Amino acid sequence: MTAEQIIKEYSKELPEKIINDLLENLPKKISDKKVKEIVEEVVKEYKEMQITPAESVGIITAESIGEPGTQMTLNTFHFAGVSEMNVTTGLPRIIEIFDGRKDIATPMMNIYLKKPYSEGKDIEKVALRLKETLLEEIAQEFYINIADMSVEIQLNKEQLDKIGLTNQDVINSINKGIKGIKVKEKDNTLTVTKKQETDNLNEIYSLKEKLKKVFVTGVKHIKYVLPVKREGEYIILTSGTNLKDVMELDFVDSTRTTSNDIFEVEKVLGIEAAREAIIQEVYKVMQEQGLNVNIRHIMLVADAMCAMGKVQGITRYGIIREKASVLARASFETPMKQIMQASLMGEVDKLNSVVENVMVNQPVPVGTGLPGLAVKVIKGRIGGYEGEKDEKKSKAEKTAKKEIKKEEKKTTKTKTKKAKSSKSKNKE
Amino acid sequence: MINNPKHEVYKKIDSIQFGLLSPKMIEKMATVRIITPELYDEEGYPVDGGLMDTHMGVIDPGLKCKTCGGSLKECLGHFGYITLAKPVIHIKFVNVIYDLLRSTCRECGRPLISEKKIKMYIKQIEEVTKEKGVEAAKEKIKEITNKIKDIKVCPHCGAKQEKITLEKPTTFVEGDRKLSPIEVRARLEKIRDEDLPLFGINPETARPEWMVLTLLPIPPVTMRPSITLESGERSEDDLTHKLGDIVRINQRLQENIIAGAPEIIIEDLWELLQYHVTTFIDNNVAQLPPARHRTGQPLKTLTERIKSKHGRIRHNLAGKRTNFSARSVISPDPTIELNEVGVPFVMATKLTVPERVTEENIEYLKRYIKNGSKKYPGANYVIRPDGKKRRITDELKEEILEELEPGYIVERHLLDGDIVLFNRQPSLHKMSMMAHYAKILPYKTLRLNPAVCHPYNADFDGDEMNLHVPQTEEARAEAEILMNVNTQIISPRYGLSVMGCIQDSISGNYLLTKYLKLPRKEAVQLLYEAGVDDISKLPNKKEVTGKEIFSVLLPDDFTYIGTAKDGSRVFIENGKLKEGTIDKSAIGVESGLMLRSLHKRYGKERTFKIIGYISKLGIVVLLHYGMTNLLSDSDLPEEAKKEIKDILKKAEERVNELIKTFKEGKLKPLPGRTAEDTLESYIMEALNKARNEAGEVIEKNSKEETSTLLMIRSGARAKMLNLVQMSAMVGQQALRGKRINYGYFGRTLSHFKKNDLSPESHGFISSSFKQGLKPTEFFFAAITGRDSLMDTALRTPKSGYLYRRLANALQDVRVEYDNTVRDSNNRIIQFEYGEDGIDVSKSEGGVLNVKRIIEEHLTKV
């Protein structure tokens, strides 16, 4: 039997990562007995490392992320020194992710390419193909011709050649972008008029503004591209994201391409991908800041944020709103709103989480407060230690006990208290 | 519980039901009807039927409650009520009323959709509630209500509906006719119980007409106590003021109605009453001027009492206060154990531990009673089995001793070995509050071992810490088992040791294991001072090495292979340090891999002991061999100075060259950047290179390991950078990742010419701290200094809020017995904690170290 086979036998008991670790680190020449010994030791240690039931992992996670928060920087960090390509990091980024903000401050993508582009072939062209180009970027100037009530656009031939566009392409995209206009071409100057003639200057002016923003080519929302070489491979960093359109391009390696916009990831790739994106993004920030936070904590937050099947922020509109307990919600934010709403709905607070029980001075149901004690109480017996007793006997005992009690009452106060307390303890 | 045997059986609150108070209920729970705004009579006693009526509880120590007969401390207070002359709308429910009015028929009170649809929607809501919970239901209800609103004709009775608008805050207008609260109430009354779930109202706990108040409950006097000022004057609570206004206006309105006053007057008074009731409930309504004191400050009424950080919920309910606690300045004491805390005598005589008298300990406890409360160790109180508490005074001592018998509880002074909780704010993680054993010491500061500073994040520049004494057996047991310092060695954040050697302990051990060779006698002395009494491991030679001394502390079969800070190998075999020096990466906090490995092999108690010994040994070594930071540590030989000068010069030349090429427009921009950006990054690069080179020069010239260098190399304190800044140059001051570019137009300071791109005009400090900074350099240093101060000041509240939100969201998440991670709704968050169920605090840096296990097994043979 090879070492591999022996290890595989334990695949039910050990997680995949540990099995892979084992396979990687075991020396080639090793006796079967030794392998077995080692694997068994690993299984033993793995079992010892398991988390204890009732451990309040939520609080530990909150502490593990909240505590180093004070050590993070507030500054957004400029990427590669170009102002268009800066990325939010540090505390603001963490807050942004946990808020579940729909539009993030600096959306960006890491686009991986398929061979041969990943080796640098036509990298500039590929990059330009991705970048969103608007009409104003390829036009030299926009004029308003008051006499004809038209807009004249002078195209920048150089720029057009660089991107690889013809005048006809531009005309097509204008027609596609704005309806109800006519475009005429005359040596590099496009004349745009409205189909319905108008003598209102405002309309023409707004047409001009609209024309400036006409999308010509590239991928929408990709504002800036930067090819870089990373680990011997060319990848393209972008400012602005459009995961769906980029992944559809044939030269893009869609299996590795990522976006830092969690909601976009959720929309395009689903909730599991969004969870992974949260984990990756938060972990990346922690690493950048040189903070040692175990990934399990980040996983738990990500899982909590995605537990309802959609990404929810850690805010009073997000996962905190989902709490069953009125008092728990009230203790966070907007207490009046919560209480008023609860009174209308006739909500019942079952007191099964932490703060509510703190409020009413009761043990909290996490940690040592979670387990209950089940005691079989046999009627009529104080201890209930021996199996079943027939009813007659127990009845007799009951009366006997009552009598004893009465007597006790007469004698000393303290003794009755003791008997009572021992009885109640047993009941509990 | 232990204090009062009466309470051994206690009730448990199972659930809390929320609902609206019906007028009937208000009347039922009230003990008195308030009819007069007067508070006290001439003698100063509360008036019957007034707002301070003693039926509602008492706040004077002398009086007794007329309802329950209890005195100030016994009676919690009782509600009263007033009958409002005309109904008013409850401000908090205005929007609900508005929705109800718009979605129901003005004639028949049914929702403005067909019977079939009503049933369908109600069913839908029920389903959503069942499947997705209350929150999803609220959304569904909102969606449905929006559909029903403003339908023109009632499908049930065919009545035409008029448009109802809300004139904020509380006036409803139908068409152009004002709806009085009476009319509003009449309409709400018409809505049938079975239709109410459509609007998210549970008819069992809330009827819509109850949202229009006819009776107003008056909160108990105990809830709004008056304060007696020094002058003997009484100052009433804000709520009492407001209630006074309500009662007064209500009375006037009543009188006017009876007298048959004109409509306008009644209308005005009615509105005034509405205003007062509204501000009584919430004094921060957008459209209303807040009710004010005579001094002009707004009154704090009901909503303000509940809301926000200092409100009832967060301040009083979620936050608790304790007795048996103490607070003082902390100071270090390496001679006590890590899990001990030095408690001043004064505190020990005030903090007590209740101990129950039994046959066995009665004589022992009597000793404390004999000492009384002033002499340590004594006792302060005795609690009789019936719960009566008696203070031990010189007069009562004998009597108490006489009557003491099993069942009594003695509150004796804190003794050595009692378990106490020790805490430093901000309590950011669970290691901020740990259980220590008390050690009663002279003087007035709390003492702790410097090795536990890190988890508390404490230093001794004036920090204060808190101490709590658990009062029940359960609490003591939990503290000892779950919170003891030795259970907290491994951080649950990253799975490494949070406790370890700091500062002098590291330098000392480094010095010991790297250089020292001592006569055996001295070695024994060192070990003895460190608290080690078993020196059998010390080799029997005339002269022993530091490594051998250090090895005495290690377990006999301990094997460890690691790397030191400088990358060299550290090798421990069978409890002997064979190779390498011990530094921060072996015994430091957050990195002490040797400590982690010890913990894995030998468990918490042993590791804990070893940490104590190692840390003490380091300090003792330094005590004997001395370590001083000298000014001359930052001295440089002449040739090194020259070298640094050359480096500076070279860097300057390089920068000037760069600037020249840039000005000529010949600088080739890096891909994707402008020429300016490129120049900036080149300059930064050149200048940083200069400082790094200076560092190398210093390192090269440090043949002898000075104390400063020793500190740096061992990782005890400071980085090489700090030494470079002291002896060579401070270097480039960076602001937001760039050179300093702010200040005057075109220049940073008025000392420079416009558009000067030279290093010194953009924050490059070529002087060293020892030389002293030039004025301009000083300004630049101050700029970055201020920037980092601001950064910290702005960050603290932000990260605090993030932490609060996380803690609130995740507080109830726990591992269940089936190993799933669930929240309080019993919803599964994770099927297995962290995908493999590994507890970080039991792991080695977050993983199971397969490599180590293999190595251990291979070397075993």
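This is a predicted model: local features need pLDDT of at least 70, side-chain atom pairs count only at pLDDT 80 or more; totals for chains, interfaces and linings use all residues.
## A hairpin in chain A

Let's start with a hairpin: β5(A) and β6(A) form it with two residues between them, and Asn188(A) in the turn has a positive phi of about 65°. Residues are numbered from 1 along each chain as its sequence is written, and chains are lettered from A and ligands numbered from 1 in the order in which they are written.

β5 covers residues 181-186 of chain A, and β6 covers residues 189-194. The two pair in the antiparallel sense over six bridges; two strands pair if DSSP finds at least two bridges between them. How many of the six residues in β5(A) are buried? The count is zero, which leaves this strand hardly covered. (Buried takes 20 or more other C-beta atoms within 10 Å of a residue's own, exposed 12 or fewer, partly exposed anything in between, with C-beta atoms placed from the backbone.)

## Chain B as a whole

Chain B has 25 helices and 31 strands. Its radius of gyration is 38 Å, well over the 29 Å that the globule rule gives for 861 residues, so chain B is more spread out than a compact globule. (That radius is taken over C-alpha atoms, and the rule is 2.2 Å times the number of residues to the power 0.38.) Along its principal axes, the C-alpha trace of chain B spans about 110 × 100 × 65 Å. Buried residues make up 38% of the 861 residues in chain B.

## Two domains of chain B

Chain B is divided into domain 1 (34-77 + 219-315), domain 2 (90-208), domain 3 (325-488), domain 4 (504-625), domain 5 (632-773) and domain 6 (814-860). The bounds come from an automatic or database domain assignment. Take domains 4 and 5 of chain B, whose C-alpha centres lie 40 Å apart. Their contact takes ten residues from domain 4 and six residues from domain 5; residues are in contact if their C-beta atoms, placed from the backbone, lie within 7 Å. On the domain 4 side, α15(B) gives the most, with four residues.

## A three-stranded sheet

Chain B also has an open sheet of three strands in the order β22-β23-β24, with antiparallel pairing. The edge strands are β22 (560-563) and β24 (576-579), and each pairs on one side only. β22(B) and β23(B), the latter at residues 569-573, pair over four bridges. Here Tyr560(B) stands opposite Ile572(B) in β23(B).

## Where the chains meet

The contact takes 91 residues from chain B and 100 residues from chain A. Which element gives the largest share of the chain B side? That's helix α24 (residues 775-810) of chain B, with 14 residues.

The chains share strand pairing too: β11 (residues 348-349) of chain A and β1 (residues 16-17) of chain B pair in the antiparallel sense over two bridges. In that pairing, Asp349(A) stands opposite Ile16(B).

Terms used: Two residues are in contact if their C-beta atoms, placed from the backbone, lie within 7 Å.
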